[in-house]
Amino acid sequence: MKEYGFVSGENGEYSRGSETLQVNLYKMKDPSGAYGLYSYLRTTDMPRAEFTEHSAATGKHAVMLIGNLVLEVDSNDLAKHRADIKQLIAAVSPHAESGLLPTIGDRIPTKGFIDRTDKYVLGPSTLNQFFPLAEGDWLGFSQGAEAETAKYRVNGHEVDFVIADFPTPQTAAKKLAELQKQFNINESKGINESKGVNDSRGAGSAKPLYAKRAMTLVAIVSGATTKKEADAVLDQLESGTQITWNEPTFEFKEPGIGVMIVGAITGTGVICLFAIIAGLAFGGVRLVVKRATNRVFDRPDQVQVLQLGLSSKPINAEDFYGYRK
């Protein structure tokens, strides 16, 4: 309960004549913890019910997930109390906090999976109940891992499976290396390194172990008698990560000769038009200023004209504009 983030709980009994309902309500710190507790309380003999999106029930016991709340109901005959249970859900729902649920369960292999054996795990105490391998936090919950355990049927017998999701691929790779040393996962021959699958038949292992990493995921199979049996489960493992290149790209296409000629003529015309307009604007301003005052352009008292002496007539600066005082 502590690993799942237990906050508080309530229990009560409802009766109508000789019929009774025993109700337990658990409040967790977030919907992820509540989902973990729901998966923990749900047993393999409890098929899916229609009370909520995540609910399971037998004839006498029901477990329902409502946001960060888990509702547990017991009765001699739950079929008679469907309306009562829906009223309980309606009364509880306004007090629930909604949020995202774990997605690691969507990444576990599906072929050979035994229904309702998956458990969402957030700590070593819960993990060791469903995948007993060693004491303490050997899987790395203190490093931000979350895990999911399940059981699979391969060649007529059950094998145990655990998958852990780490914050980064580097953390996952480091943890797999630590597990290989701790449990001698690399000890036996025939390691399929190309697929990241390793197996162990060390003397200290009660069962052979097989492991595989995919990006941030580390998966371990225990109880398989051969590597082929383990591969039947591990080869289904997908990282769930997709890399998409969404940067805009540019593809150069050389224009035709006609387009190039038209572009050159158009560009030249624009440049000539700009030169004409700029020349007229500059000349016009100069003439206007010259006629208004003689103190800006070509001041006679300051202008000096170099003469080559090719003619006898001297050059007068005032003649440039036909201006006479």
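Analyst: The model is predicted, so local features are reported only at pLDDT of at least 70 and side-chain atom pairs only at 80 or more, whereas totals for chains, interfaces and linings use all residues. Numbering starts from 1 along each chain as its sequence is written, and side-chain values rest on heavy atoms, with hydrogens and water left out.

The setting comes first. The protein chain contains six helices and 11 strands; these are DSSP runs, H or I of at least four residues for helices and E of at least two for strands, numbered from the N terminus. Of its 325 residues, 37% are buried, meaning under 20% relative accessible area, with exposed set at over 50% and partly exposed in between (1.4 Å probe, protein chains only). Contacts are heavy atoms within 4.5 Å, and among those between residues at least 6 apart in sequence, 53% join residues at least 24 apart.

The largest nonpolar core has 32 residues. Such a core is a set of buried Ala, Val, Leu, Ile, Met, Phe, Trp, Tyr and Cys residues joined through side-chain atoms within 4.5 Å. V70, Y152, F161, I163 and V221 have the most contacts inside this core. Two or more residues come from each of β2 (19–28), α1 (31–41), β4 (61–66), β7 (146–154), β8 (157–165), β10 (209–214), β11 (217–222) and α5 (227–234). Among these, α1 supplies the largest share, five residues. Another core, of 21 residues, lies apart from this one and includes A134, L139, F166 and A172.

Helix α1 has nine of its 11 residues buried, so it is largely enclosed by the rest of the structure. The buried positions are P31, G33, A34, Y35, G36, L37, Y38, S39 and L41. Their cover includes β2, β3 (55–57), β4, β5 (69–74), β6 (119–121) and β7.

Strand β4, which belongs to that cover, is itself mostly covered, with six of its six residues buried. In a regular strand, side chains alternate between the two faces of the sheet. H61, V63 and L65 point one way from β4, while A62, M64 and I66 point the other way, and all are buried.

The hairpin of β4 and β5 has two residues between its strands, and G67 takes a positive phi near 65°.

Beyond four places in sequence, its contacts are I108, P109, K111, G112, F113, I114, H157, E158, V159, F161 and V233.

L176 is buried, at a relative accessible area of 8%. Beyond four places in sequence, L176 touches A211, R213 and V218. The C-alpha atoms of L176 and V218 are separated by 6.9 Å, although the two residues are 42 apart along the chain.

The mean pLDDT, the predictor's confidence in each residue on a scale from 0 to 100, is 83 for the protein chain, and 79% of residues reach 70 or more. Residues 186–196 stay under 50, with 23 model contacts beyond four places in sequence. Residues 321–325 also stay under 50, and the model has eight such contacts for them.

Conventions
Two strands pair if DSSP finds at least two bridges between them.
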